[in-house]
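Biologist: Hi, I'm new to this one. Could you walk me through it?

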Amino acid sequence: MRALMAARRAVGLARRRDDADAVAAARADVDAAKHALGERGPVWWHDGSPDYNRHMAANTPYAAWFAGISPSI
């Protein structure tokens, strides 16, 4: 988590400085930290369930549940 938060701060700093190369490097660091945390990359669990990551809720078995919730705004 520390590496992820440091990388996110670096993205913000690079954007404020308008340094495209530093932004790209910091975003790569964010990506690496997220992979290390298991937030990105192949799934690390193998329970046999389908992976609905990166699917719209309306296109999954959760469509009825999603349609029933009210927007928070």
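Biologist: Where does Lys34 lie?

Modeller: Lys34 sits in helix H2. Helices here are DSSP runs of H or I with at least four residues, strands are E runs of at least two, and both are numbered from the N terminus. Before we go on, this is a predicted model: local features need pLDDT of at least 70, side-chain atom pairs count only at pLDDT 80 or more, and totals for chains, interfaces and linings use all residues. Residues are numbered from 1 along each chain as its sequence is written, and side-chain values use heavy atoms, with hydrogens and water left out.

Biologist: Thanks! Is Lys34 buried or exposed?

Modeller: Lys34 counts as buried, because its relative accessibility is 14%. Buried means under 20% relative accessible area, exposed means over 50%, and partly exposed is in between, using a 1.4 Å probe and protein chains only.

Biologist: What is Lys34 in contact with?

Modeller: Leaving out neighbours within four places in sequence, Lys34 is in contact with Leu4, Arg8, Glu39 and Arg40. Contact means heavy atoms within 4.5 Å.

Biologist: Which of those forms a salt bridge with Lys34?

Modeller: Glu39 does, and the closest N and O atoms are 3.8 Å apart. A salt bridge is a side-chain nitrogen of Lys or Arg within 4 Å of a carboxyl oxygen of Asp or Glu. Glu39 itself is partly exposed, at 44% relative accessibility.

Biologist: How many salt bridges does the structure hold?

Modeller: Two. Asp31 and Arg40 also meet through their side chains in a salt bridge, at 2.8 Å from N to O. Asp31 is partly exposed at 29% relative accessibility, and Arg40 is partly exposed at 32%.

Biologist: Switching topic, which residues make up the largest nonpolar core?

Modeller: There are six: Leu4, Ala7, Val11, Ala26, Val30 and Ala33. Helix H1 (2–16) and helix H2 (20–37) are the elements that give two or more residues to this core. A nonpolar core is a set of buried Ala, Val, Leu, Ile, Met, Phe, Trp, Tyr and Cys residues joined through side-chain atoms within 4.5 Å.

Biologist: And what does Ala26 touch?

Modeller: Not counting residues up to four places away in sequence, Ala26 touches Ala7, Ala10 and Val11.

Biologist: How many aromatic pairs does a search of the whole structure find?

Modeller: Two. Tyr52 and Tyr62 form an edge-to-face pair, 6.2 Å centre to centre with 90 degrees between the planes. Both tyrosines lie in the loop between H2 and H3, so the pair ties together parts that are 10 residues apart in sequence. Trp65 and Phe66 form a tilted pair, with 6.4 Å centre to centre and 50 degrees between the planes. Rings of Phe, Tyr and Trp (its six-membered ring) pair if their centres lie within 6.5 Å; planes under 30 degrees apart count as stacked, over 60 as edge-to-face and the rest as tilted.

Biologist: Where is Trp65 placed, and is Trp65 buried or exposed?

Modeller: Trp65 is in helix H3, residues 63–68. Trp65 counts as exposed because its relative accessibility is 56%, while Phe66 is partly exposed at 40%.

Biologist: One last topic: where does Asp18 lie?

Modeller: Asp18 is in the loop between H1 and H2. Asp18 has a positive phi of about 55 degrees although it is not a glycine. Asp18 also counts as exposed, at 70% relative accessibility.
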